[in-house]
Amino acid sequence: MPIPKFGDKYDLPALFSPEDAVEAHGGKVPEMPPVVILGFEDELFEAVNERATDSVNYVRNQELQLLDESVGFVGDFGIGPTVTAIIAENVIAAGAEVVCLLCGCASLQKDIGLDEAILPTRAIRDEGVSHHYLPEERRWKRPRS
């Protein structure tokens with residue numbers, strides 16, 4: 001079983017791909033707007049539901065709320081990097097060109113207010129997903145003893 005911060009976990013093959021998800025949907029998916037926003041918070045999901053013009057099932061049981069012809073929203077899908085990556089990959093496989101994650105977060109900085117926006121520019125990563133999006137030469141490798 002792979003353990004965090006041990007490089008060999010990244011050598012394992014993927015269990016499934018976005019193409020597998022599209023294939024499970026019969027190989028055909030509805031037209032996807034070019035911009036898709038992903039969101040976790042219930043309040044955001046409820047506000048989008050009130051404004052959405054339509055709802056589309058695009059891959060498996062994932063629902064996309066259409067805000068207009070160029071912007072869609074996917075919410076109420078769970079929390080965490082793995083499920084978020086799956087959702088992002090599926091909307092891209094279905095045709096989205098831009099994916100934006102809109103969510104809340106915690107902070108250790110006391111000077112950041114609860115109502116302030118944060119735009120991350122870097123992060124410590126070892127959640128098991130983001131590593132796979134880097135070129136091979138930039139991936140962390142466990143030192144051999």
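A patch here is made of residues with over 30% relative accessible area and no salt bridge, with like charges joined within 9 Å and nonpolar side chains (Val, Leu, Ile, Met, Phe, Trp, Tyr) within 5 Å. A salt bridge needs a side-chain nitrogen of Lys or Arg within 4 Å of a carboxyl oxygen of Asp or Glu. You're looking at a predicted model, where local features need pLDDT of at least 70, side-chain atom pairs count only at pLDDT 80 or more, and totals for chains, interfaces and linings use all residues. Numbering runs from 1 along each chain as its sequence is written, and side-chain values use heavy atoms, leaving out hydrogens and water.

Start by selecting D42, E43, E46, E50 and D76: together they form a negative surface patch.

Now pick E50, which sits in helix α2 (residues 42–51); helices are DSSP runs of H or I with at least four residues, strands are E runs of at least two. E50 is exposed, at 67% relative accessibility; exposed means over 50% with a 1.4 Å probe, counting protein chains only.

Hop to D76, in the loop between β4 (71–75) and α3 (81–93). D76 is exposed too, at 56% relative accessible area. Check its backbone: phi of D76 is near 60°, a positive value in a residue other than glycine. Most residues other than glycine have a negative phi.

Next, select strand β1 (residues 35–39). β1 pairs with β4 in the parallel sense over five bridges; pairing takes at least two DSSP bridges between two strands. Find V36, which stands opposite G72 in β4.

Last stop: β5 (residues 98–102), which also pairs with β1 in the parallel sense, over five bridges. There, V98 faces V35 as its opposite residue.

Terms used. Buried < 20%, exposed > 50% of the residue type's maximum accessible area, 1.4 Å probe, protein only. Areas by Shrake-Rupley, 256 points an atom, 1.4 Å probe, with all protein chains shown as cover. Lys, Arg positive; Asp, Glu negative; His and termini not counted. Charge placed at Lys NZ, Arg CZ, Asp CG, Glu CD.
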